[in-house]
Amino acid sequence: IERKDGIEKRLAGLHLEEGSLVLYDLTSTYFEGRACPLAARGYSRDGKKGKLQIVFGLLCNSEGCPIAVEVFEGNTADPATLSTQISKVRDRFGLEQVVFVGDRGMITQARIEKEFRGVDGLDWITALRAPQIRNLVSSGALQLSLFDEKDMAAITSPDFPGERLIVCRNPLLAQDRQHTRNELLEATELALDKIVAATKRKTRTLHGADAIGLRVGKVIDKHKMGKHFILDITDDSFSYKRDSENIDREAALDGIYIVRTSLAESDMSDHDTVLAYKSLSRVERAFRSIKTIDLQVRSIYHRLPDRVRAHIFICMLAYYVEWHMRRSLAPILFDDHAPIAPDERASAIEPAQPSAAAARKARTKRTDDDYAVQSFRQVLTNLGTITLNLVQPKVAGAETFYKIARPTRCQQRALDLLDIRLRVPSTRT
C-alpha cells in the first residue's frame, strides 16, 4: 500500500496523456465482519441485504485499461467521490487537459457547477436524468419529431449554457423499456386485484382506509409503478385504474437518452462523443471481472483500512495483468481481435457489431489458423498443465536435472501470443 501512489502514477504515465478520456465509475462489495471503519451500510449494487459494505471507484483510460483505484466508506454517495479523482488526475498525475466520462449519477448538475464549471482544461461527458429530459420536451427545446428520419441530433438549451446536448434514440432500448413496463404494470395489477378481492370477501374482510392503504403501498413500492395508477381508497372499498395519459407520456420517451458534454463539436464529433459515453461499459466489464468472473475480490475479512485498500489495489493490479493478457490472447479467444473502428461504425446508437473475423470464430469455434477457440479461463487452465519435472537418471553418478513438459500446439500458440519463452532452471543437486 505504501507503493500505491507511485504505481498508479507510473500506470498513468504509460496509458494517459494530455487530452485523454478518463473513464470513472463506482461499485460496492459486501464486507465480512463489523470492525473495519470503512464498512458501512449503503446502496448495495450486489443486492446483498443486511451486510456492511465498502465502495471503490476505478479510473480507466478510454480502452478500459485500469489506472487507479480508490476505496471509500460503504455509505459514500457516487458524486461525493468525484473531487478526489479529479485531484488525483490533475495534481498527482500532472495532466492539465483531461475529459472525465461518468454516468448521470456520478457527474451530476451539482458536481458540474462545483468541480468543472470554469476550470480550464477540465471537460466532461455524461448524460441527463429522466426528469431533465422531460423538462426539455415540455419546454419545446426537444422535438420528438427529430427522430422521424434519424436516430441522433445535437441541440442546445438555455437551461444548460455552454453545453452540447446530443439526443439519441435507440429503437431496441425503446422496445425493451416498453416490454419491461408492461410486465411491471401487469404484475402490479395482479397484486392489486388480490387487495380488491380482500375488501369484498365475506370473512376476514380487509377494511379501513389505513389498512387498505398500507397493503396498497407495499405493492406500489415493490414495482415502482404508483405513478401509473389512479387509486381510490375508502374505509370499505378499493379500486384502481391505469393512468393512460401518464403512461403514454413516459412511453413517448422510451429509448431516448441525452448525452451532455462541455466539449465543442470541433473537439469531438457527436458520433465520437456518444461512443465515448458508451465506453463506460468497459469499466463495468472490469467490475464484473474483479468481483465475480475471474478475480473474486470477495469475501473481504480485513479489519484495518489500509489492508482493505491494499486488498482492492492488488485485485486492480491483477485485472491490469488480465486486461493485457486478454488483448494478447484475443486471436484464440472468443473476444473480437479485429473490432470495427469507431469511425467506421454506421451508427453510434446501434449496438456494436462483431467483425467478420469474430463472427467466423463464433460460428466455427476455430481460428483462421485452425486453432480451437477458447475462453480466457480455458487458456489459463490449459497453460497450468505445463509442468516442470525434476529428472533423476538411474545411472550411477548422473546428476539430476529439470525438464519442462513439451507444450501442446494450442499451448505453444498461447505462449507465443503472450511472448513467453519457457526456460529450464540451471540448478544442480
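Trainee: Where does lysine 365 lie?
Mentor: Lysine 365 is in the loop between helix H11 (356-364) and helix H12 (376-383). Keep in mind that this is a predicted model.

Trainee: What is the phi of lysine 365?
Mentor: Positive, about 60°, although lysine 365 is not a glycine.

Trainee: Is lysine 365 buried, partly exposed or exposed?
Mentor: Partly exposed, because its relative accessible area is 43% and the exposed class starts over 50%.

Trainee: And arginine 204, where is that one?
Mentor: In the loop between H5 and helix H6 (209-223). Arginine 204 has a positive phi too, near 50°, and is a residue other than glycine.

Trainee: Why does arginine 204 count as exposed?
Mentor: Its relative accessibility is 74%, and exposed means over 50%, so arginine 204 falls in that class.

Trainee: Which peptide bond is cis around serine 299?
Mentor: The one from arginine 298 to serine 299, with omega near 5°. Serine 299 sits in the loop between helix H9 (281-293) and helix H10 (305-329).

Trainee: Switching to aromatics. How many aromatic pairs does a search of the whole structure find?
Mentor: The search gives 5. One of them is phenylalanine 100 with phenylalanine 116, an edge-to-face pair at 6.3 Å centre to centre and 70° between the planes.

Trainee: What parts of the chain does that pair link?
Mentor: Distant ones: phenylalanine 100 is in strand E4 and phenylalanine 116 is in helix H3 (residues 109-116), 16 residues apart.

Trainee: What does phenylalanine 116 do with tryptophan 124?
Mentor: They form a tilted aromatic pair, 5.6 Å centre to centre with 55° between the planes.

Trainee: H3 has come up already. At what angle do H2 and H3 pack?
Mentor: About 35°, with the axes 11 Å apart. The crossing is right-handed.

Trainee: Which residues meet there?
Mentor: From H2, Leu82, Ser83 and Ile86; from H3, Arg111, Glu115 and Phe116. By class, that contact has 3 nonpolar, 1 polar and 2 charged residues.

Trainee: Which residues of H2 are buried?
Mentor: In helix H2 (residues 82-92) they are Leu82, Gln85, Ile86, Lys88, Val89 and Arg90. Just after H2, glycine 94 has a positive phi of about 70°.

Trainee: What about the loop between E4 and H3, which arginine is placed there?
Mentor: Arginine 104 is in that loop. Arginine 104 is partly exposed because its relative accessible area is 28%.

Trainee: What does arginine 104 contact, leaving aside neighbours within four places in sequence?
Mentor: Thr126, Ala127, Leu128, Arg129, Tyr257 and Tyr277.

Trainee: Tyr277 is in H8, then. How many residues of H8 are buried?
Mentor: Helix H8 (residues 270-278) has 7 of its 9 residues buried, so call it mostly covered. The buried ones are Asp270, His271, Thr273, Val274, Leu275, Ala276 and Tyr277.

Trainee: What covers them?
Mentor: The cover includes strands: E1 (20-30), E4 (98-101), E5 (122-127), E6 (152-155), E7 (164-169) and E10 (256-261).

Trainee: Last topic, charges over rings. Which ring does the charged end of arginine 409 sit over?
Mentor: That of tyrosine 371, 4.0 Å from its centre. Also, lysine 4 lies over the face of phenylalanine 313, at 5.7 Å from the ring centre.

Methods: Residues are numbered from 1 along each chain as its sequence is written. This is a predicted model: local features need pLDDT of at least 70, side-chain atom pairs count only at pLDDT 80 or more; totals for chains, interfaces and linings use all residues. Side-chain values use heavy atoms; hydrogens and water are left out. Buried means under 20% relative accessible area, exposed over 50%, partly exposed in between (1.4 Å probe, protein chains only). Helices (H or I, at least four residues) and strands (E, at least two) are DSSP runs, numbered from the N terminus. Contact means heavy atoms within 4.5 Å. Rings of Phe, Tyr and Trp (its six-membered ring) pair if their centres lie within 6.5 Å; planes under 30 degrees apart count as stacked, over 60 as edge-to-face and the rest as tilted. A charge sits over a ring if NZ of Lys or CZ of Arg is within 6 Å of the ring centre and within 35 degrees of the ring normal. Axes are lines fitted to C-alpha atoms, for helices over the stretch in contact, and angles run from 0 to 180 degrees between N-to-C directions. A crossing is left-handed if the near helix is turned anticlockwise from the far one by less than a right angle, and right-handed if clockwise. Ala, Val, Leu, Ile, Met, Phe, Trp, Tyr, Cys and Pro count as nonpolar, Asp, Glu, Lys and Arg as charged, and the others, Gly among them, as polar.
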